[in-house]
Amino acid sequence: MEINLEDIFQNKIDNEVKIEPRDWMPEKYRKTLIRQISQHAHSEIVGMLPEGNWITRAPNLRRKVALLAKVQDEAGHGLYLYSAAETLGMTRDEMYNELHTGKAKYSSIFNYPTLSWADMGAIGWLVDGAAIMNQVPLCRTSYGPYARAMVRVCKEESFHQRQGYEIMMSLCNGTPEQKTMAQDALNRWWWPSIMMFGPNDDNSPNSAQSMKWKIKRFSNDELRQKFIDVTIPQAELLGLTVPDKDLKWNEARGHYDFGIINWDEFNNVVAGNGPCNKQRLKARVDAWNNGEWVRDAANAYAQKRKNRVKSGQQAA
């Protein structure tokens, strides 16, 4: 009787058995995971840039320390995720090269500028809040290394979301000028945050297969709706107005109705034409090029140690 590996693979997924690096898997499953995990890793690393710019300009020492810790967390998240992607057979250098050449994408949200301190609050509250909606289900994704990496990532992202909301609350309880600054940040970050969940389900060709393989647990539209339902009461508590004239509670659906998303803007940013696309990519490429001497020195030292151990073994 011929063994059907795809049937065995799907049966494991259907029974909530994690797929591990040495297990057989369809090539499309492997490539889908490499694309998603590497894109996730790139987003964590590029996401350090808009916030890192504000560390020295934070209003007090407490804020500086908290923001510095957050940026360090994002670096760690990127390293966890690159390591998870490497278990699928792609090297880290290959992933970096795809990012630097523009072949690989990262979250469109990081191609918008941070114009005021309130943006640090809006990013934590909205961007990290949207990330949590996307990422908590990934703790149960079908690929073991990815699922295990996400456990710690989600714990830290939850802290980041609370940190951002606390910044917004402080501003909204401050001077009229501070509350105006908070409202301006919400106005600019609301729609890009809604776009973070990706295209509508009808225009997301990979979603159905990813959900069958349990890489994804919920569709883009389900997660977007959940985020909006959770976030609107938070905005009301702050005394801020969400910039959507069509937003209203739908009693029959038990959800908020919301306006039409500007997908032309989303596609334009993803295509590399956002306000900060070129700036973000240049920063990553420059960091890679300027760090070449560090990599060379580390490799030389590792080789020196290896040769020393080898010489000692031969002498013995």
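Me: How much space lies in the largest cavity?
Reply: The model is a predicted one. The count of cavities of 30 Å³ or more comes to two. For the largest cavity, the space is about 40 Å³.

Me: Which element gives the largest share of the lining of the second largest cavity?
Reply: The second largest cavity has a volume of about 40 Å³, and its lining consists of E51, L67, K70, M120, G124, H160, Q163, G164 and I167. Two or more of these residues come from each of α4 (61–86), α6 and α7 (144–172). The largest share, four residues, belongs to α7.

Me: How many residues in the lining of the second largest cavity are polar?
Reply: The lining includes G124, H160, Q163 and G164. Beside three nonpolar and two charged residues, the number of polar ones is four.

Me: Is α6 roughly parallel or roughly antiparallel to α8?
Reply: Helix α6 (residues 118–135) packs against helix α8 (residues 176–195) at an angle of about 30 degrees, and their axes are 9 Å apart. Angles under 35 degrees count as roughly parallel. Therefore α6 is, relative to α8, roughly parallel.

Me: How many nonpolar residues does the contact of α6 with α8 have?
Reply: On α6 the contact is made by A118, D119, A122, I123, W125, L126, V127 and A130, and on α8 by M181, A182, A185, L186, R188, W189, W190 and S193. One residue of this contact is polar and two are charged. The nonpolar residues number 13.

Me: Which residues lie closest to the centre of the largest pocket?
Reply: The largest pocket has a volume of about 1,100 Å³. Its lining has 19 nonpolar, 16 polar and nine charged residues. Of the 44 lining residues, the closest to the centre are Q39, N134, M196, F197 and G198.

Me: Which element gives the largest share of the lining of the second largest pocket?
Reply: About 200 Å³ of space lies in this second largest pocket, which is lined by 14 residues, with K105, Y106, V270, G272 and N277 nearest its centre. The elements giving two or more residues to the lining are α11 and α12 (277–290). The largest share, four residues, comes from α11.

Conventions: Residues are numbered from 1 along each chain as its sequence is written. This is a predicted model: local features need pLDDT of at least 70, side-chain atom pairs count only at pLDDT 80 or more; totals for chains, interfaces and linings use all residues. Side-chain values use heavy atoms; hydrogens and water are left out. Axes are lines fitted to C-alpha atoms, for helices over the stretch in contact, and angles run from 0 to 180 degrees between N-to-C directions. Angles under 35 degrees count as roughly parallel, over 145 as roughly antiparallel, 65 to 115 as roughly perpendicular and the rest as oblique. Contact means heavy atoms within 4.5 Å. Ala, Val, Leu, Ile, Met, Phe, Trp, Tyr, Cys and Pro count as nonpolar, Asp, Glu, Lys and Arg as charged, and the others, Gly among them, as polar. On a 1 Å grid over the protein atoms alone, a cavity is a set of points where a 1.4 Å probe fits but cannot get out, and a pocket is an open set with protein on both sides within 12 Å along at least five of seven lines; lining residues have an atom within 4 Å of a point. Grid points are joined across faces, edges and corners, and a volume is the space filled by probe spheres set on the points.
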